[in-house]
Amino acid sequence: MGAGLLAKGTSARAQESGYINNGDAAILRFLAAAELIESDLWTQYAELGGIGKNPPIEVDPTPNPPLNNYQVALSNLDGDGPQYITSNTLDEVSHAAFLNAYLESRGAERVDFDEFRTLEGSTATGSSGIKRLTNLMHLNVDTSWFVRYRSATNPDLGATFPQALTLKNVTAIPRNNYDFNGAPLQGGSLPGNEHVQAIANVAGFHFGYIEQGGSSLYAAMSQKVTDPEVLEITLGIGGDEIAHFLEWVDFAGNGVQQPVAPFKDPISGLSFPDFFNNPPLQPPSLVQPSLIFPVPCEFISPKLPHVAIIRPLTDKFAGAVATIASFTADGLFYGQNPEFLKILQTMAVEADAAVRLA
């Protein structure tokens, strides 16, 4: 009986508590919006690079199904890459569904973006052909996160960071079946080809960009929450976003070291150097691929000892408005209806305006 009551405890508390204050509701609505956006982009990755079926994403029961060249290229970065993509997608879909259901359970309005699923996605074999919220084929990937987490400085205390790689107007998924083709990678030393490997490498850095943003966003929003149960939600889901991020830090780094790098895609012109032997920045530790955990950095005050943390944590860089600005600069909303961006911006302003009540 005791175990049963504990299992039902959260649901019962949510139903009994009823009213949720406007600030907490605004935070959860924005987080639900962010998770719907993440679910949309991750579903596109899973359709072409995961090991599941869509929708919903499920583990393919077929023993050792044949891989397309994109899956092969992702597997060059990590043998479990396609499974991780499928698992990450499942997580994001669950986050969006839970947040919307919780909002409804507290009498608040859920978030629904179905009317804005108007963008064309990839036509490559494996794509479901459904309309999308996000565009992964015209990205400007911010790779400064790769440097930031290897630095002892903190953006919240004024630090800025250069790009680890320049990835402008690039695609992170095969746009069509032609993108599965290309010259053998490094003369055949690895499976796959240079063109689709470049696309997979872009995806690897984009994975890290997306999940580091989620890690900081949940941490920033948690500081504003009033209701202990809402805080339980933001800390719980935020912790999962951090778990995602750490995997993709390692994943992206594998694309800029041997045996994958160095190589150049003759079709797109993208180059991926070996960061161990030809680091783009000095000191080389700023881009060292094997540094996958956050390097201790300044926090709260430069006078205090350095500590390993998630950063940034302030609204200026990690808040809701900053998140939408970053997603827009990333190219995720290329071709989207301006009304969609207006709605997102309004939701972001309301979430950032939330304050913890005494």
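Arginine 117 forms a salt bridge with aspartate 114, with 3.1 Å between the closest N and O atoms; a salt bridge here is a side-chain nitrogen of Lys or Arg within 4 Å of a carboxyl oxygen of Asp or Glu. With a relative accessibility of 27%, arginine 117 counts as partly exposed, where buried means under 20% relative accessible area, exposed means over 50%, and partly exposed lies in between, using a 1.4 Å probe and protein chains only. This is a predicted model, in which local features need pLDDT of at least 70 and side-chain atom pairs count only at pLDDT 80 or more, while totals for chains, interfaces and linings use all residues. Residues are numbered from 1 along each chain as its sequence is written, and side-chain values use heavy atoms, with hydrogens and water left out.

The structure holds 9 salt bridges. One of them pairs aspartate 315 with lysine 224, whose closest N and O atoms are 2.6 Å apart. Because aspartate 315 lies in helix H9 and lysine 224 in the loop between H7 and H8, the pair ties together parts that are 91 residues apart in sequence; helices (H or I, at least four residues) and strands (E, at least two) are DSSP runs, numbered from the N terminus. Aspartate 315 is partly exposed, at 29% relative accessible area, whereas lysine 224 is buried, at 10%. Salt bridges with shared partners also join Asp40, Asp114 and Arg117 into one network. Arginine 110, in turn, forms a salt bridge with glutamate 104 at 3.2 Å between the closest N and O atoms; arginine 110 is partly exposed at 36% relative accessibility, and glutamate 104 is partly exposed at 46%.

How do helices H7 and H8 pack? Helix H7 (residues 194–222) and helix H8 (residues 228–254) pack at an angle of about 155 degrees, with their axes 8 Å apart; the axes are lines fitted to C-alpha atoms, for helices over the stretch in contact, and angles run from 0 to 180 degrees between N-to-C directions. H7 and H8 are therefore roughly antiparallel to each other, a term that applies to angles over 145 degrees. The residues of H7 that meet H8 include Gly204, Phe205, Gly208 and Tyr218, and those of H8 that meet H7 include Leu235, Gly238, Phe245 and Trp248, contact meaning heavy atoms within 4.5 Å.

A cis peptide bond joins alanine 261 and proline 262, with omega about 5 degrees, and proline 262 is in the loop between H8 and strand E5 (263–264). A cis peptide bond also joins glutamine 282 and proline 283, with omega about -5 degrees; proline 283 lies in the loop between strand E6 (271–272) and helix H9 (315–318). Asparagine 169, in strand E4 (residues 167–170), has a positive phi near 50 degrees although it is not a glycine, and at 54% relative accessibility asparagine 169 counts as exposed.

The loop between E6 and H9 also holds isoleucine 300, a residue other than glycine with a positive phi of about 70 degrees. Is isoleucine 300 buried or exposed? At 63% relative accessibility, isoleucine 300 counts as exposed. Isoleucine 309 lies in the loop between E6 and H9 and, at 13% relative accessibility, counts as buried. Leaving aside residues up to four places away in sequence, isoleucine 309 touches Tyr149, Asn154, Pro294, Cys297 and Phe299.

Definitions and conventions. Parallel < 35°, antiparallel > 145°, perpendicular 65-115°, else oblique.
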